Amino acid sequence: MKPGDVIGGYRVVTEPTNADGGKCVWAFAEKDGKEYFLKRFLEPKRPREGSAGSAASRRIRLETCREFEERHRSIMKLLRPDASGAGNLVLATDFFHAGSTYYKVTERIDTASLADPQSLAPKQKAVLLRTLATSLRLLHDIDVVHGDLKTANVLVQKRTAAAFHTAKLIDFDDSYLSGRPPAREEIAGDSLYGAPEWRRYVRGEESVQARDLTTAVDVFALGLMTHLYLTGSLPAYTGRYGSPADAVNAAEPLVADERLGTPMQALIAAMTSADPGARPTVAGFLEALKDAGLCTLHSTPQPRPAAASGEDSGPAGSGAPEGPRRSRVQFNPPDRSVHRPPAVTDDGPRKSRVRINLGRHRDDLPGTRSAP
């Protein structure tokens with residue numbers, strides 16, 4: 001794929017890039033006078049006629065491609081651009097293969113930059129979060145999990161003369177039906193925003209099955225993003241863990257910024273619980289945000305919510321949990337050497353589809369970019 005190429009009727013007009021692309025490369029393209037975003041999947045590859053390899057290998061590759069196509073087309077069928085309330089979903093308009101390679105097309109959307117949403121007034125923050133959650137509720141109402149919810153997949157837009165910023169949700173390539181995710185070795189996501197059960201599923205823990213990956217996976221990520229949009233950082237956790245989910249799986253608390261009011265601290269704690277069943281629904285989140293005051297960032301420390309009671313302490317004498325536990329919010333956490341990781345994105349294609357965040361990059365900090 002290079003500038004000037006015509007693929008499926010779309011003429012490539014920019015140099016392809018892997019920026020924020022995961023296992024894809026993308027470029028802008030034109031067709032019939034309109035501009036589009038054209039994404040090229042690096043895998044799977046359809047076997048070519050007469051290509052080398054055994055018949056068994058060819059059958060396996062064809063089955064992998066069939067499952068890939070079925071998942072993408074089923075999500076496209078469920079998420080229609082003309083659906084009621086879908087105005088803030090940036091959905092695919094075309095999906096096809098050319099030769100051995102798959103492509104997906106969305107309309108091109110350019111947005112104004114918003115590098116510091118935490119600086120907005122409480123009502124502005126509430127509107128931003130509510131538009132994001134409303135889009136997410138549309139997915140959950142039809143049992144679709146976004147699967148890769150993070151700031152890089154949210155475009156923040158403020159139209160000319162509009163009073164508020166709104167959020168557009170993009171990139172449904174990793175979406176799946178609730179309880180029916182891709183296989184462990186195929187599922188994608190970002191380790192920084194991944195839910196505890198997703199992390200354990202990826203690691204191959206038999207205690208977590210496909211049916212356990214439900215819409216609650218997105219709620220965990222939304223809880224992290226809410227804290228990020230309100231304060232400019234993720235909830236704090238001890239530095240020996242590589243992600244918030246790893247800390248939660250180890251029964252370590254995610255510590256909310258003490259400038260947040262007690263009700264918002266409690267809401268975020270519930271959304272980031274280790275127990276998917278203990279997390280509120282997106283509808284519950286929207287109900288809570290009817291009070292824009294919850295988005296206030298106070299100038300003085302606010303009281304912590306009461307710690308959850310009745311938690312298991314794991315096997316006697318082990319000092320470690322036996323399985324996933326509810327996340328806790330502590331009064332005066334004893335370990336102040338906490339980790340506030342920046343949100344980051346992939347630097348290029350990897351063998352695994354799981355995105356591992358290894359350092360500070362600005363690409364996935366709160367802000368905007370052209371829609372992929």
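These legends go with several close-up views of a predicted model.

**View 1. The largest nonpolar core, with 60 residues.** Start with L132 and M264, the residues with the most contacts inside this core. Helix α4, which covers residues 216-231, gives the core its largest share, 10 residues. Apart from this one there is a second, separate core of 10 residues, with A29, F96, Y103 and V105 among them. As background, nonpolar side chains in soluble globular proteins tend to be buried together.

**View 2. Helices α2 and α4 packed together.** Here α2 (residues 122-141) meets α4 at an angle of about 170 degrees, and the axes lie 11 Å apart. Angles over 145 degrees count as roughly antiparallel, so that is how α2 and α4 run relative to each other. From α2, the contact takes in K125, L129, L132, A133, L136 and H140. From α4 come D218, V219, L222, M225, T226, Y229 and L230. Sorted by class, this contact of α2 with α4 has 9 nonpolar, 2 polar and 2 charged residues.

**View 3. A closer look at T226 in helix α4.** Is T226 buried or exposed? Its relative accessibility is 0%, so T226 counts as buried. Setting aside residues up to four places away in sequence, T226 touches L129, M264, I268 and F285.

**View 4. M264 and the residues in contact with it.** If neighbours within four places in sequence are left out, M264 is in contact with T226, L230, L289, L294 and C295. T226 and L230 also turn up on the α4 side of the contact between α2 and α4.

Key: Residues numbered from 1 in each chain as written. Predicted model: local features only at pLDDT ≥ 70, side-chain atom pairs only at ≥ 80, totals over all residues. Heavy atoms only, no water. Core = buried A, V, L, I, M, F, W, Y, C linked by side-chain atoms within 4.5 Å. Buried < 20%, exposed > 50% of the residue type's maximum accessible area, 1.4 Å probe, protein only. Helix = DSSP H or I, 4+ residues; strand = E, 2+ residues; numbered from the N terminus. Contact = heavy atoms within 4.5 Å. Axes fitted to C-alpha atoms, helices over the stretch in contact; angles between N-to-C directions. Parallel < 35°, antiparallel > 145°, perpendicular 65-115°, else oblique. Nonpolar A, V, L, I, M, F, W, Y, C, P; charged D, E, K, R; others polar.
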